[in-house]
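This report looks at side-chain contacts in one protein model. Please have the sequence and the structure open while reading.

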Amino acid sequence: YRHFNRLREIGGIGMSIFEVIKISASILIAIACGSGLIWTVAKNLAERTADVLQAKIQSENQAKIDKQLEEWKSHLDVQNHIYRQRFDVEFTIYQDLCNAFFVMISAAHWLFPSGIDRAPATGKWKEICEERYREAQEKYNIAVSLLGSKAPFIDKEIYDGLHEIVKLVAWQINDYAWCAPWNQEGKDASCRKIEQDGFKRTHEIDEKWTAMLN
C-alpha cells in the first residue's frame, strides 16, 4: 500500500487500490465470461461441423457402397447367366451321351448275351449274327464320335468312365468277329474261351453303365 501511494504521488495515479482491484476483477470476469462464450460458440460450431462432415462422409460412403453392390450384383448376374447356360449345355450333352451309350450297350449285349438266346433256333442264325455285328459296330461308332466331340465339355471323371465302357464294347466287337459265333460246329477251345470271357464282359459293361447312370 505504501508503494502504491508512492506511485500515486509520483505518477499522479488517480485511483485507489480498491478501484484498481475492482477494475482488474471486472476485466478478469469479462475475459472469463468472454472465454466461456467463445468456448460455447466454438463447441456448438464444432459439433454442427462434425455432424455435417459425418453426414457427408456417410453419404459418400453409402454412395461407394451402393456402387460396389451394384457392380457385384451385375457380376453375379453375368456369372449366373453363364452357369445357367453351362448347365443347359451339359444337360443336353449328357442326354445325348446317355441315349447313344444306351443304344450301343444294348446292341453290344446281343453279341454275348448274358441270358438265354433263342436266335440260333430260328434257322437264320448266320444272318442274325451278321446283323448283330453290323448293329454293334454302327452304334459303337456313333457313341465314340459323340464322346470325342463332347469331351471338352464334360467332367473328366465321367469321361473316363464312359471311355472305359467304350473300350469294353470295342473288345466285345473284336472278339465276336474273331470267334465266328455262327459257326457252331467248328469252334475250338480258344473260341469257346473267348465266348466265356465275352459273357463275363457283358455283365461287367452292364455294371459299369449302371454305376455311371447313378
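Predicted model: local features only at pLDDT ≥ 70, side-chain atom pairs only at ≥ 80, totals over all residues.

## Aromatic pairs

The model holds five aromatic pairs. In one of them, Phe 101 and Trp 209 are stacked, with 6.1 Å between the ring centres and 15° between the planes. Phe 101 belongs to helix α2 (residues 17-109) and Trp 209 to helix α5 (residues 189-213), so the pair ties together parts that are 108 residues apart in sequence.

Are the two partners buried or exposed? Phe 101 has a relative accessible area of 0% and is therefore buried. Trp 209 has a relative accessibility of 10%, and because buried means under 20%, Trp 209 also counts as buried.

## An aromatic cluster

Aromatic contacts also occur as a group: Phe 112, Tyr 133, Tyr 176 and Phe 199 form one cluster.

## Arg 201 and its two contacts

Which ring does Arg 201 lie over? Arg 201 is placed over the face of Trp 171, at 4.0 Å from the ring centre.

Arg 201 also forms a salt bridge with Asp 175, and the closest N and O atoms of this bridge are 3.3 Å apart.

## A salt-bridge network

Salt bridges that share partners join Glu 131, Arg 134, Glu 135, Glu 138 and Lys 139 into one network. In total, the model has 11 salt bridges.

In one, the side chains of Arg 134 and Glu 135 meet at 3.4 Å, N to O. Arg 134 has a relative accessible area of 39% and is partly exposed, and Glu 135, at 26% relative accessibility, counts as partly exposed too. In the other, the side chains of Glu 138 and Lys 139 meet at 3.6 Å, N to O. Here Glu 138 is partly exposed at 33% relative accessibility, whereas Lys 139 counts as buried at 17%. The cut-off explains the label for Lys 139: buried means under 20% relative accessible area, and the value for Lys 139 is 17%.

Note on methods
Residues numbered from 1 in each chain as written. Heavy atoms only, no water. Phe/Tyr/Trp six-rings, centres within 6.5 Å; stacked < 30°, edge-to-face > 60°. Helix = DSSP H or I, 4+ residues; strand = E, 2+ residues; numbered from the N terminus. Buried < 20%, exposed > 50% of the residue type's maximum accessible area, 1.4 Å probe, protein only. Lys NZ or Arg CZ within 6 Å of the ring centre and 35° of its normal. Salt bridge = Lys/Arg side-chain N within 4 Å of Asp/Glu carboxyl O.
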